[in-house]
There are 2 protein chains.
Amino acid sequence: VLPFERSEYLDRIAKIKRRMEAAGLELLLIGDPANMYYVSGYNALSYYVPQYVILAIDEEEPIWVGREQDAAGAKYTVFMDRANIIGYPEHYIGDPDRHASEFFADLLRERGWDGRVIGIEYETHGVTYGTVVQLQQRLPNATFQDSNALVNWVRTVKSPQEIEYMRQAGLISDHGMRVAVEAIQPGVRQSDAAAEIYAALMRGTPEYAGEVPEGLMMPTGERASASHLLWTEEPFVRGESTNIELGGVRHRYHVGLSRTVALGEPPARLQDLQDATLEGMEAALDAARAGTTCEAVEAVYQRTIGKHGYAKPSRIGYSIGIGYPGMDWNDFTASLKPGDTTVLEPNMTFHLMLGMWMEGWGLVLSETFRVTESGPAETFSSFERKLFVKP
Amino acid sequence: VLPFERSEYLDRIAKIKRRMEAAGLELLLIGDPANMYYVSGYNALSYYVPQYVILAIDEEEPIWVGREQDAAGAKYTVFMDRANIIGYPEHYIGDPDRHASEFFADLLRERGWDGRVIGIEYETHGVTYGTVVQLQQRLPNATFQDSNALVNWVRTVKSPQEIEYMRQAGLISDHGMRVAVEAIQPGVRQSDAAAEIYAALMRGTPEYAGEVPEGLMMPTGERASASHLLWTEEPFVRGESTNIELGGVRHRYHVGLSRTVALGEPPARLQDLQDATLEGMEAALDAARAGTTCEAVEAVYQRTIGKHGYAKPSRIGYSIGIGYPGMDWNDFTASLKPGDTTVLEPNMTFHLMLGMWMEGWGLVLSETFRVTESGPAETFSSFERKLFVKP
């Protein structure tokens, strides 16, 4: 059973084709794992070998092309007809003298697509430099164009079914955060707490199973001054605080959620920063309405925390949705940051990530929200927004 | 505390420089996350933004260059002097009109490196097509060469300390597999078992904490005919079997381990395949001695299972070591496959991955081994090698 109806995949494809047309593209080679999943349903841990979903503007279904060994896995995950699952032979794997681009080029020639205007993603993991160069050399009649973020922009506005999965993911995020706040205690090995949190996120709720999250960040003590760090095997220490950034997942849709936990009475500066950050968050959530711009939301946040003497040098959020381990959960389109004039539309979803990283200490507070038809943003989580202080 | 001594990092760098010299390279831009970790220690979930470890042939230490926000995390993980941690400003993030390559190019010019012969990895995630093209355009006096797998080949022969971490990872793999065999039961939601297994791998042993594994594969029933699939939220079913491929991790070093669990009396063909596969594994482990070649080991396996009427179309193993979520644990160098004439050396480590994927069913059996100074291969796991049958 696939997570989406065939009609939803076809609807996505129709939207992508409209963008292809506008960009003058006749064929799309989609190599980004999240985009492959979005367009075809393909879902397996095989993105370390060359593989593409190929979408021709004049075909109803895309084709999946990857390693022969993975074609079996494609059968269970893609919405397309089996004839549209094509595997390349094993001799292209692990041989520096043979590049799978040879197979892709031959396939395009066979289909009569070798003289087309071909879009390929220039800035995504999953498409290497060598791949593009090899295709260019082997298909001299084709014209290659950068189609980076083309599919991502379609992904940016979610469907009702996607929103439903994100609501379920929100329940899982809440469950994970509850377990995290519980697990973090003086003397507990950080890695043991991380294990609890992963297990909670993967179990999910009795109704909705979770999945492997894209990642979990959990720096503690002085390391809480840095983003993107994990944890260590040292124990948590009384007098230190820990920044938790986690994500519940349903069908690869992530809902990011961040809170800080202090062990023992926190320094006044931490509570002060929390208060300012929360005030800024509430102002930003209220400002994030359909019709406004990304940069306007950011400005509201900066203005609010500015009154308390703070500023945040990095963006305050980004479009969120499909995530894969090691590939982030970012849609890589709109950012809540100065200069981003993207107009908010209903069912855009953002991770409002208010990481406040200071010199030697820091605090995180985040929510994932949906832009509503009218009125302020709706968050997927209902977890209490405070600095958690434990004895 | 870093997992390796400064002297070990410098030793790695010396070996890399010898290969640079042989290839005529004066500068290396290392963008592969596992290679960055190997050369510098850098360890954070930030590989979705452009970042490099840059190694000049005439400098003792490499430099880490990445997003300003991640420079704080670099401080806690790299072995180099803080002066060799360089962050680029936030305005390069999430802006299609500004590419961080501008910053990298300016930096290379400042250092007087813009006329050099520069190696960059053409076939790794972490280096996009756009990055290389932008660097080429901005540095017209530089000569770019493919340095793919250069660092990987140095990684292929492990140091005593790396072997020690893999021994610890082997203990964690055994623990994880014990939990897996226990957790898989009729009626249990597959995702709940996966949660248990992740937690076990991340907890590790009382002495050695584990880490987030690169991945976990656990297809059951008919899906066991495919590699690289995860699990579903359906319950396990009596009469079906499940293929488990997991990895214990210490300091990002992985030890892969695979077993099949049958619920209820398995069909005779499954036990028959297990027997043949095990016989092949034992023969391959005995054959994998220093001085022989990768393809010779593979031939021994095929010959052994061939006597029982089986053949394996895909490679039977590959060099294993540092892994990251979504990035695989493969060293991407030697493979145990026909045509690979790599000569085995002591302290090379391989994942002997005997996935036997048939039409509608399948079996897995794997071990991670070290090539010893003399004698047969030494496995890192001591988990019983059998088809686990549960009532």
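**Entry 1: the whole chain.** I began with the secondary structure, and chain A comes to 10 helices and 16 strands. I kept in mind that this is a predicted model. Next I looked up the radius of gyration of chain A, which is 22 Å. The globule rule gives 21 Å for 391 residues, so chain A is as compact as a globular protein of that length. I also noted the span of the C-alpha trace of chain A along its principal axes, about 70 × 45 × 40 Å.

**Entry 2: inside the fold.** How many of the 391 residues of chain A count as buried? I found 66%. Then I checked the contacts in chain A with a separation of 6 or more, and 68% of them come from residues 24 or more positions apart.

**Entry 3: two helices.** Two packed helices are described by the angle between their axes and the distance between the axes. I looked up both for helix 7 (residues 160-183) and helix 8 (residues 190-203) of chain A: the angle is about 160 degrees, and the axes lie 8 Å apart. Angles over 145 degrees count as roughly antiparallel, so that is how helix 7 of chain A runs relative to helix 8 of chain A. Their crossing is right-handed.

Conventions. Residues numbered from 1 in each chain as written. Chains lettered and ligands numbered in written order. Predicted model: local features only at pLDDT ≥ 70, side-chain atom pairs only at ≥ 80, totals over all residues. Heavy atoms only, no water. Axes fitted to C-alpha atoms, helices over the stretch in contact; angles between N-to-C directions. Helix = DSSP H or I, 4+ residues; strand = E, 2+ residues; numbered from the N terminus. Parallel < 35°, antiparallel > 145°, perpendicular 65-115°, else oblique. Left-handed = near helix turned anticlockwise from the far one by under 90°. Rg over C-alpha atoms; globule rule 2.2 N^0.38 Å. Buried < 20%, exposed > 50% of the residue type's maximum accessible area, 1.4 Å probe, protein only. Contact = heavy atoms within 4.5 Å.
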